Amino acid sequence: MSQIAPILLVEDHELNRDMLIRRLNRAGLEVIPAGDGQQALDLMRSKQPRVVLMDMNLPVMDGWTACRTARQDDSIKHIPIIALTAHASEADRQLAIEAGCDDYATKPVDFPGLLIKIKKLSGPSS
């Protein structure tokens with residue numbers, strides 16, 4: 001296992017999740033998968049990932065609610081969250097920021113751009 005904390009990928013669509021995990025792994029990143037917002041919060045608390053990639057349309061608890069909840073929890077509120085969503089308008093981006101996301105990426109994912117955002121939010125150790 002690497003010395004650098006893993007990334008948490010929260011994506012309920014299995015094909016999207018598997019594709020992103022493969023690409024992130026090839027980029028040298030360790031990835032923990034989650035399929036819904038509640039599982040994401042549980043894993044954020046137990047694994048303390050360095051960045052969370054959060055799909056916003058999720059079962060059980062949506063990404064919007066999970067982000068707001070994370071920002072109110074002292075044990076995880078410091079973890080950067082990048083929203084992943086098919087909603088590409090400026091208003092949608094603003095809603096994600098207001099929900100507590102640190103950045104925003106639209107689907108289909110611009111992978112090189114996503115890696116830049118991960119690196120920026122991960123800090124100097126990445």
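I began with strand 3 and strand 4, which run parallel and are joined by 4 bridges. Two strands count as paired if DSSP finds at least two bridges between them. Helices (H or I, at least four residues) and strands (E, at least two) are DSSP runs, numbered from the N terminus. The model is predicted, so I note that local features need pLDDT of at least 70 and side-chain atom pairs count only at pLDDT 80 or more, while totals for chains, interfaces and linings use all residues. Residues are numbered from 1 along each chain as its sequence is written, and side-chain values use heavy atoms, with hydrogens and water left out.

**Entry 1: the sheet**

I looked up Val 52 and found it opposite Ile 81 in strand 4. On strand 1, I found parallel pairing with strand 3 over 4 bridges. Leu 9 has Leu 53 as its bridge partner in strand 3. I then followed strand 4 (residues 81-85) to strand 5, and these run parallel with 4 bridges. Here Ile 82 has Asp 103 of strand 5 as its bridge partner.

What is the order of the strands in the open sheet? I read it as 2-1-3-4-5, for 5 strands with parallel pairing. Strand 2 (31-34) and strand 5 (103-106) are the edge strands, and each pairs on one side only. Neighbouring strands are turned by 20 degrees against each other on average, direction ignored. For such angles, axes are lines fitted to C-alpha atoms, for helices over the stretch in contact, and the values run from 0 to 180 degrees between N-to-C directions.

**Entry 2: strand 3 and the cores**

Is strand 3 mostly covered or mostly open? I found it mostly covered, with 5 of its 5 residues buried. Buried means under 20% relative accessible area, exposed over 50%, and partly exposed in between (1.4 Å probe, protein chains only). Val 51, Leu 53 and Asp 55 point one way from the strand, Val 52 and Met 54 point the other way, and all are buried.

I listed what Val 52 touches, not counting residues up to four places away in sequence: Leu 8, Val 10, Met 44, Ile 79, Pro 80, Ile 81 and Ile 82. Contact means heavy atoms within 4.5 Å.

I then looked at the largest nonpolar core, which has 25 residues. A nonpolar core is a set of buried Ala, Val, Leu, Ile, Met, Phe, Trp, Tyr and Cys residues joined through side-chain atoms within 4.5 Å. Leu 8, Val 10, Met 44, Val 52, Met 54 and Ile 81 have the most contacts inside the largest core. Strand 1, strand 2, helix 2 (37-47), strand 3, helix 3 (63-71) and strand 4 each give two or more residues to this core. A second, separate core of 15 residues includes Ile 7, Val 31, Leu 84 and Leu 114.

**Entry 3: helix 5**

I checked the length of helix 5: at 1.5 Å a residue its 12 residues should span 16 Å, and its end C-alpha atoms are 16 Å apart, which agrees. The expected span is 1.5 Å times one less than the number of residues.

Which residues of helix 5 are buried? I noted Phe 111, Gly 113, Leu 114, Ile 118 and Ser 122. They cover an arc of only 165 degrees around the axis, so they lie on the same side of helix 5. The arc is that of the directions from the helix axis to the C-beta atoms. On the other side, Pro 112, Ile 116 and Lys 120 are exposed. The cover over the buried residues of helix 5 includes strand 1, helix 1 (14-26), strand 3, strand 4 and strand 5. Just after helix 5, Gly 123 takes a positive phi of about 90 degrees.

**Entry 4: single residues**

I looked up Thr 85 in strand 4. Thr 85 counts as buried because its relative accessibility is 1%. Leaving aside neighbours within four places in sequence, I found Thr 85 in contact with Met 56, Tyr 104, Ala 105, Thr 106 and Lys 107.

Lys 107 is joined to Pro 108 by a cis peptide bond, with omega about 0 degrees. Pro 108 lies in the loop between strand 5 and helix 5.

I noted two residues that have a positive phi although they are not glycines: Gln 48 at about 50 degrees and Val 60 at about 65 degrees. Gln 48 is in the loop between helix 2 and strand 3 and is partly exposed at 29% relative accessibility. Val 60 is in the loop between strand 3 and helix 3 and is exposed, with a relative accessible area of 73%.
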